[in-house]
Amino acid sequence: MDCRRCGTPLERPGDYCLVCDTANCDAVVVIFERDRAELTMLDGEEVVGRTTVTTLPEDDPEAEVVELRNFAGQVADDIRRKRPETVFAAGNRDVLREARAQLHHEFYRIAGDDPVERVLERRGDRSLEVVDTPPKEKLGGSHSTLIGGRDGRRAIGVVADHPHVKKIVPGPIDAGGTGSRTGLRAKVTRADDNGNVRLLLRDGSSVQENRIVTTAMDRETGEFVRDDLNDALVDAELQE
């Protein structure tokens, strides 16, 4: 593939051209499997290139940790070469999570049998607004008490740190439930028609439902935010 502006041959499809300082794609769609990742580069609604990154999974658990990190690193390096505005990803959650941790791009999970086609169908939709408000300033409402002590505050912090969360409104605490599980568990519920979600905190028999106002404009885009938040809570070991 050659640069669309100056015609310089590019080493890989969709690479950013360092000769004329031009991006040759604005989005990358990655479909992860445990032993391979298929990258599709998009410019608007046009597919401008595809590439594949492969690995050989290790049987030894300790060696697998290093191999997984290196595999995800190769994918992240290939994405950084493109300098895309947005990355869409689907497939194996372990590799996806590790690759995302190594990137600083706007990153969305995408569902469906054909993720590339799904992204192409959505390219005309407006992007989600990014909120620059500091996480601690996103907490509001008439209820200030959170269940779960330090872990409850940590769960709220994980959610507040998300760039598409505008506000968190803690709800009243229901202590009349039943439950024998110890330790706080957190889960984000399905998005409503406006794209907003709720964070459920459970600590023993106590339950608290907290309203999360997002920048999503409908249920579908709210589901992107929900998936992101639940994965972040898993990474923080606040959700199974």
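A salt bridge here is a side-chain nitrogen of Lys or Arg within 4 Å of a carboxyl oxygen of Asp or Glu. The model is predicted. By this rule, the count comes to 22 salt bridges.

**Stop 1: Glu-223.** Select Arg-190 and Glu-223. Their closest N and O atoms are 3.6 Å apart, a salt bridge. Arg-190 sits in the loop between β8 and β9, Glu-223 in helix α5, 33 residues apart. Arg-190 is exposed, at 54% relative accessibility. Glu-223 is buried, at 14%.

**Stop 2: Asp-231.** Pick Arg-97 and Asp-231, a salt bridge with closest N and O atoms 3.9 Å apart. Arg-97 is in helix α2 (residues 93-101) and Asp-231 in helix α5, so the pair ties together parts 134 residues apart in sequence. Asp-231 is buried, at 4% relative accessibility.

**Stop 3: Gln-239.** Move to the segment after α5 (219-235), where Gln-239 lies. Its side chain makes a polar contact of 3.0 Å with that of Asn-230. Beyond its neighbours within four places in sequence, Gln-239 is in contact with residues including Arg-185, Ala-186 and Leu-233.

**Stop 4: the core.** Which residues touch the most other members of the largest nonpolar core? Select Ala-186 and Leu-199, of 34 residues in that core. Elements giving it two or more residues include β1 (27-32), α4 (149-160), β8 (184-188) and α5. Finish with a second, separate core of 22 residues; Leu-68, Val-75, Ala-76 and Phe-107 are among them.

Conventions: Residues are numbered from 1 along each chain as its sequence is written. This is a predicted model: local features need pLDDT of at least 70, side-chain atom pairs count only at pLDDT 80 or more; totals for chains, interfaces and linings use all residues. Side-chain values use heavy atoms; hydrogens and water are left out. Helices (H or I, at least four residues) and strands (E, at least two) are DSSP runs, numbered from the N terminus. A polar contact is a pair of N or O atoms within 3.5 Å; within protein, one must be able to donate a hydrogen and the other to accept it, and residues adjacent in sequence count only if both atoms are side-chain atoms. Contact means heavy atoms within 4.5 Å. A nonpolar core is a set of buried Ala, Val, Leu, Ile, Met, Phe, Trp, Tyr and Cys residues joined through side-chain atoms within 4.5 Å. Buried means under 20% relative accessible area, exposed over 50%, partly exposed in between (1.4 Å probe, protein chains only).
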